[in-house]
2 protein chains.
Amino acid sequence: MAKRMPPAQLATLLRDAITRLNRRVRQTRPVGDLTGTQLSALTSLELAGALTPRELADTERVQPPTMTKIVAKLEERGLVQRTPHPTDGRQVILSTTDTGRAMLAQFDRARNEWLAGRLAELTPEDRDALQRAAEILQKVARD
Amino acid sequence: MAKRMPPAQLATLLRDAITRLNRRVRQTRPVGDLTGTQLSALTSLELAGALTPRELADTERVQPPTMTKIVAKLEERGLVQRTPHPTDGRQVILSTTDTGRAMLAQFDRARNEWLAGRLAELTPEDRDALQRAAEILQKVARD
DNA sequence: TCACGATCGTTAGCCTAACTAATAAGCCAG
DNA sequence: CTGGCTTATTAGTTAGGCTAACGATCGTGA
């Protein structure tokens with residue numbers, strides 16, 4: 001590994017790596033015609049059980065209008081359903097449908113084909129390093 | 001660190017981490033009103049000295065029409081210039097202008113403020129792990 | 001030599017995904 | 001019971017990707 005570098009330089013390196021990896025992953029994306037954003041939202045919703053659009057937007061770190069659009073697409077496909085909030089007439093409760101859960105299960109298999117393939121070519125030590133890094137990055141991205 | 005996981009699961013973890021980090025970085029971006037994509041292209045061009053649009057597109061791993069748009073925005077701002085190719089009438093040569101270089105120099109200072117700040121809060125060991133991971137990811141993202 | 005296929009850059013058109021601003025509906029406190 | 005806050009949506013903009021198609025140019029093979 002190269003010499004230890006100051007945080008600003010590491011930030012540049014990280015952003016560059018992440019940008020490029022994102023582009024590569026995007027290029028190989030048309031799996032099941034759900035976009036990464038939609039899949040991520042569906043997964044968060046499934047993990048949480050049920051959320052309001054606002055809560056889901058906060059979870060996904062997007063603004064409410066953005067989540068409105070994402071949910072609309074998922075609803076079109078019958079992957080999420082909305083039920084009225086029991087006491088607050090403004091809010092709605094989002095939850096995954098059986099179809100949505102089936103879709104998620106299917107993705108569990110087909111998921112990340114390209115990236116997983118590339119990762120499988122790495123040494124176990126490299127994969128360990130990436131795993132550790134992913135956990136650190138999750139922490140960094142959290143508030 | 002958690003137990004070692006299979007590549008498919010690691011791929012999921014990585015993509016999630018990267019997606020979230022990208023969103024966070026985007027939210028804190030309005031520094032000098034150049035986007036990450038534009039900055040990346042400008043930096044690549046500066047590093048290479050001079051490139052054709054095709055070469056720059058390949059470097060940035062986007063399709064030529066995408067690079068046309070990015071270059072158009074950079075040219076509007078006077079950050080890059082185009083000169084005719086000396087022998088091939090189809091091609092053009094892109095290079096950074098003095099203004100573009102000044103902009104890059106300014107970014108060298110203000111760059112990655114949020115991310116660098118967050119990274120500075122980590123332990124040196126965590127930063128080492130991220131540095132190693134970034135280098136691995138660069139390799140993975142490369143062809 | 002010249003006609004035709006390949007290459008380069010651009011244009012046009014589409015999509016995803018994000019943002020802000022504004023609006024309608026509903027809640028609640030004084 | 002009214003005025004202000006919250007929730008969700010709509011409308012409109014921007015960035016950034018893609019593919020398809022096109023004109024200009026290059027270069028090669030008959």
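This is a predicted model: local features need pLDDT of at least 70, side-chain atom pairs count only at pLDDT 80 or more; totals for chains, interfaces and linings use all residues.
## Surroundings of DNA strand C

DNA strand C is surrounded by 26 residues, and the closest are A:T35, A:G89, B:R54, B:R82 and B:R90.

Several helices each supply at least two residues of the surface: helix 2 (36–48) and helix 4 (64–76) from chain A, and helix 1 (7–27), helix 3 (53–60) and helix 4 (64–76) from chain B.

A side-chain N or O atom of A:T37 is 3.2 Å from a phosphate oxygen of DNA strand C. Base nitrogens of DNA strand C are also approached: a polar side-chain atom of A:K69 lies 3.0 Å from one, and a polar side-chain atom of A:R90 lies 3.1 Å from a base nitrogen.

## Interface of chain B and chain A

In the contact between the chains, 60 residues of chain B meet 60 residues of chain A. The buried area is about 6,200 Å², with 60% of it from carbon and sulfur atoms. On the chain B side, B:R15, B:R23 and B:Q131 lose the most area, together 10% of what that side buries.

Four salt bridges cross the interface, including one between B:D126 and A:R132 with an N to O distance of 3.0 Å. Helix 1, helix 2 (36–48), helix 3, helix 6 (113–120) and helix 7 (124–141) of chain B each give two or more residues to the side that touches chain A. That side of chain B holds 29 nonpolar, eleven polar and 20 charged residues.

Notes. Residues are numbered from 1 along each chain as its sequence is written. Chains are lettered from A and ligands numbered from 1 in the order in which they are written. Side-chain values use heavy atoms; hydrogens and water are left out. A residue is near a molecule or strand if one of its heavy atoms lies within 4 Å of it. A polar contact is a pair of N or O atoms within 3.5 Å; within protein, one must be able to donate a hydrogen and the other to accept it, and residues adjacent in sequence count only if both atoms are side-chain atoms. Helices (H or I, at least four residues) and strands (E, at least two) are DSSP runs, numbered from the N terminus. Contact means heavy atoms within 4.5 Å. Buried area is the accessible area (1.4 Å probe) that two parts lose on being put together, summed over both. A salt bridge is a side-chain nitrogen of Lys or Arg within 4 Å of a carboxyl oxygen of Asp or Glu. Ala, Val, Leu, Ile, Met, Phe, Trp, Tyr, Cys and Pro count as nonpolar, Asp, Glu, Lys and Arg as charged, and the others, Gly among them, as polar.
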